Amino acid sequence: MIRTILQLPDPVLRKVSTPVQKIDAEIKKLIKDMFETMYDAPGVGLAAIQIGVAKRVVTIDATRGDDEKDPMVFINPEIVSVSEEKDSKEEGCLSISEFYEEVERPSEVKVRYMDEKGETKEIDADGLLARALQHEIDHLNGVLFIDHISKLKRDRVTKKFTKAAKVNKRVAAAG
Ligand code: NI
């Protein structure tokens, strides 16, 4: 089921998500919904909190264009180590539609996580996958990519989205 993606400044996006204790039917359904929602958007990654579920679950597909799909799921992901080397790339977020800004992040990360079978795994990521993992793990901690840009730019985009949310609310109220 395609779920609604929460938009800035929804306070739910600032919640810290809780670890998954058991991979049950509910979590499996959540993962399925997250992939459907992410591919429909379309986006490179999605954190469960973006559809209003405060559980530490992330879906990512860092392939591009016509490449074969590579759906990846990370349960309770943790950054174990990061490279000293950093790079700066333009980033966006499905919860901050059509806003892009350069963000500097470590270029490589090692992440420990649980897969869908409940097995603990580690991955060494670079490039887009490394960036997506850091972006999505931030979401699990209530952090948005705009927290990594200048205050001036952050205030400006937050104001714009706050205004848009008010207009949408009025439209909804008017029926
Ligand atoms: Ni995001």
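Is F99 buried or exposed? In this predicted model, F99 is buried, because its relative accessible area is 16% and the cut-off for buried is under 20%.

Let us turn to the aromatic rings. A pair of aromatic rings is described by the distance of the centres and the angle of the planes. The structure has three aromatic pairs by the rule used here. One of them joins F74 and Y113: the ring centres are 4.7 Å apart and the planes meet at 65 degrees, so this pair is edge-to-face. F74 belongs to strand β3 (residues 72-82) and Y113 to strand β6 (residues 108-114), so the pair ties together parts that are 39 residues apart in sequence. Both F74 and Y113 are buried.

Now back to F99, which forms a tilted aromatic pair with F145, with 6.1 Å from centre to centre and 35 degrees between the planes. F99 sits in strand β5 (residues 96-106), while F145 is in the loop between α2 (127-140) and α3 (151-173), so here the pair ties together parts that are 46 residues apart in sequence. F145 counts as buried because its relative accessibility is 2%.

Strand β5 also holds I96, a buried residue with a relative accessible area of 0%. Which residues does I96 touch? Beyond its neighbours within four places in sequence, I96 is in contact with Q7, L8, L144, F145, I146, V157 and F161. Notice F145 in that list, the residue that also pairs with F99.

Finally, look at Y39: K69 lies over the face of its ring, 4.5 Å from the ring centre.

How values were computed
Residues numbered from 1 in each chain as written. Predicted model: local features only at pLDDT ≥ 70, side-chain atom pairs only at ≥ 80, totals over all residues. Heavy atoms only, no water. Phe/Tyr/Trp six-rings, centres within 6.5 Å; stacked < 30°, edge-to-face > 60°. Helix = DSSP H or I, 4+ residues; strand = E, 2+ residues; numbered from the N terminus. Buried < 20%, exposed > 50% of the residue type's maximum accessible area, 1.4 Å probe, protein only. Lys NZ or Arg CZ within 6 Å of the ring centre and 35° of its normal. Contact = heavy atoms within 4.5 Å.
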